[in-house]
Protein chains: 2
Amino acid sequence: MQINYPATAEQWGVWEISLKGRTEGNPFTDYPVAGVFTSKNETKRTEGFYDGNGIYKVRFMPSFAETYTFTITGDCLEAPVSGSFTVEPAKDENHGPVRVCGDYHFAYADGKPYYPVGTTCYVWTLQPEDVQEETLHELSNGYFNKIRFCVFPKHYDFNFKDPITFPYEGTPCSTEGMTRDNFMGFKPDNPGNHWDFTRFNPVHFQNMEHRIRQLMDMGIEADIIVFHPYDRWGFSEMSAADDERYVRYLIARFAAYRNVWWSMANEYDILKKKTIADWERIASLFCTYDPYCRLRSIHNCLAFYDYTAPWITHCCIQRQDVYKCAELTDEYRVRYHKPVILDEIAYEGDLPHGWGNISGKELVRRFWEATVRGGYAGHGETYLQDDGVIWWSHGGPMHGESQERLRFLHSILEKTPGVGLKHIAMNWDDDAAAAENGAFYYLLYFGLNRPSFREYDFGEEPYVVEVIDTWEMTTNVLGIFRGKVKIPLPGKEYMALRIYRPEPECEKN
Amino acid sequence: MQINYPATAEQWGVWEISLKGRTEGNPFTDYPVAGVFTSKNETKRTEGFYDGNGIYKVRFMPSFAETYTFTITGDCLEAPVSGSFTVEPAKDENHGPVRVCGDYHFAYADGKPYYPVGTTCYVWTLQPEDVQEETLHELSNGYFNKIRFCVFPKHYDFNFKDPITFPYEGTPCSTEGMTRDNFMGFKPDNPGNHWDFTRFNPVHFQNMEHRIRQLMDMGIEADIIVFHPYDRWGFSEMSAADDERYVRYLIARFAAYRNVWWSMANEYDILKKKTIADWERIASLFCTYDPYCRLRSIHNCLAFYDYTAPWITHCCIQRQDVYKCAELTDEYRVRYHKPVILDEIAYEGDLPHGWGNISGKELVRRFWEATVRGGYAGHGETYLQDDGVIWWSHGGPMHGESQERLRFLHSILEKTPGVGLKHIAMNWDDDAAAAENGAFYYLLYFGLNRPSFREYDFGEEPYVVEVIDTWEMTTNVLGIFRGKVKIPLPGKEYMALRIYRPEPECEKN
């Protein structure tokens, strides 16, 4: 039998082999398939998966531009399949997977710093095709470099329609008679649900990985939410064996994409049937079966998870204090000694719910407050629409004011020497950050304060002073200063200063 | 010798007698003078004071519409002076002195609730006459019903000029060479100061009490700051004996005005030469010599005073958290079990300093946040002016946007049944207050949240729902509702709801 497989791959790209195999019984469970990949610098074992129509697939992300040999084995095959392929160096826009860098920040595998400016569209891949395309179109504007979304469909206020696909073979409970008043009565154990949790629906996952790949090509990290509580179908209350089958299937399908992150749950603490032991068990599956150790975290509603758990790579926090949220970023850094992403700090919008109706200005302010404390924040948009398509859950067209300002913030972050910022004590009324690497580089943010000028004493060394209007997205280099300086400011909210040592050649000008 | 004195007085008004007396030696210290006033319902002893030009004065505020007899004694007089006068009931606009009412609120002596909406003009009575008149003109607009101000002049950024009068005989240090850069080098122990702390300057106090009386006539409480740290003259570092002489002089002159409150200090914790024992000593002087037990508190910079101290009638708090301030009001209520006034929560303005450059919108938001938590806040305005006259310190014309909205807030507060509001737990995203007296009366504030509607279940009883735009100062009665209601809102910041049981006759309409 002739087996086709790619003879080449790109470093940090996806190499994939498709194999015809046995289909008697339940091919999703009866015939495990796996690959072993070996090059000069690494050997990795990856699990494959059944993709329907008699096809088994094994995926692999090579980390080195080397020649790899591989062997695929599994009872689905008549015989193991071996071969080799050549990996070429990553192309320009491919910086590899994102990793934690230092204690509090992120960088791509090639060393380029990664400053997360993420958004949330919980079930955008489960919407009609045209809505998904609108979402991609908005994402192509480069506002965000991370997006959080779920594998399972969402049952919640403003989310009553069935998804375009379900993850399992079977039929969902009826939505007849469901209204905004009574939807909370539709529970995961609804007797109308009939699912075979041993048989996945490949179409559901094929579309999702298609979208993950498109995100990857746009340089956007896919922060995949594995479980969540907004459920009328029972996916939040499966058995431990069903959970494990599901998690290993996710890993087999998605882990090879370098932009994948794993979020064990959204609002883990309101999944009624899962305990901390369950979450630790689920997390350990990722530690065991994800050969790439993709970034891992878990998102809270009321109670923080213990982010010191060794498997957690970074904090993924929903703010607990309605009034003070991003302002706590540096406290969380100290408490958890990990990168802090405040992935939910209320969304820009006008929903009745308090988590979804702040202004664009307030959301951008919270991002900047997180930034100057050495952390990161997350975006969401929740403007009520006549057609029911709301960015935060469905994607679609955006209606807000914050996204452009967040892209602007990212452009400022990219100027940081080294990797990342840390909060520093300056005056009591400066929200001041310095480069984490100790460079003479400072970002000051005034937020709601509106000074008409500020005075500093720079000492004997020269500094460039740049005034940033974080809302109007303007920067204005005032010049190079030494000693005592009085910096004019417009007496407006949302102003910042970037203060840094000039390059030697700048000073000569 | 014929002695003239008023034959009548108004309840809670000021009765005053002027007596010629001895002037040899130091009449400020050598000849104490005092009065004893007796009616059917009270007997009070009050100290008098030397007012210059050979005149001694004794003042008294009668609390009852009764006939009073009095005797004035003192070594300054050849013989005691006795007599009687008749007190008539308080006139319409005279509600008596403000007292603590219940645990957390205030009311006038006649029972009318008093909802403080105060401002700060630290040294307005020490400015040129025309500025004082401008201040009074602004105050006549009814924005505020309390004003904080100092007896001693202020030395601080934007406050370098000498006052129009000093409180003591003597001469101040020179201001030559003083700039914004070096003013902190001008200390209280400046050797250029030459004061006789045993000889007051009556003109200084005469003007102040003239202004106190004008405030009283406008229904504005005078929250008098006894000591403060912004000093190049030495008034913050006098001896204990000098402090006592000063405090007793203040009481003798001012205490009879029913609108007087005593604030021991502004930012007590940064007066370098005074300890907690000093503050307790000073407070005890007020407890001993103020026969009317005027309201007493003390204002902090960084460290809260222990507001549980028995002499403290209410908390006078400067916020310690830049990001969360009014939002802590209910916590302070629990901690101190006294009325909470957040007298400094950053001022509306554009100063370089973070305490003086928030927007009018943010200041008004903080007032409302304090309100729905059962407390009160304080106003200040700090817009830089070419002529150097800034409301927060000098008074003069106002330039801000908040004052009108605070007058509007006061008009809402006056509708509260009983006396005052308390925070209640409702939905997590409602800042909800109810009438302290248990009436079915609710004030909900959405602050930065911008719901486009909210849903409530009122149960079987009818409620009037009123939508309040706290910034645009509009109220819109939506109607009377029962059961589940969906309340339309404009998706804007700073909205509130007033929800209350209709009067029986309303329901019949």
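Begin by colouring chain A by domain: the assignment, which is automatic or taken from a database, gives domain 1 (8-88), domain 2 (112-413) and domain 3 (421-508). This is a predicted model, in which local features need pLDDT of at least 70 and side-chain atom pairs count only at pLDDT 80 or more, while totals for chains, interfaces and linings use all residues. Residues are numbered from 1 along each chain as its sequence is written, and chains are lettered from A and ligands numbered from 1 in the order in which they are written.

Next, select domains 1 and 2 of chain A, whose C-alpha centres lie 29 Å apart. Each domain brings 16 residues to their contact (C-beta atoms, placed from the backbone, within 7 Å). On the domain 1 side, strands S4 (43-47) and S6 (55-60) each supply at least two residues; strands are DSSP runs of E of at least two residues, and helices runs of H or I of at least four, numbered from the N terminus. S4(A) gives the most, with four residues.

Now move to helices H3 (residues 240-254) and H4 (residues 276-289) of chain A, which pack at about 35° with axes 10 Å apart. Axes are lines fitted to C-alpha atoms over the stretch in contact, and angles run from 0 to 180 degrees between N-to-C directions. Display the contact residues, among them A:Val247 and A:Ile251 of H3(A) and A:Leu285 and A:Phe286 of H4(A).

Finally, show chain B: 25 of its residues are in contact with 25 residues of chain A. Strand S27 (residues 453-457) of chain B gives the most to the chain B side, with three residues.

Key: Contact = placed C-beta atoms within 7 Å.
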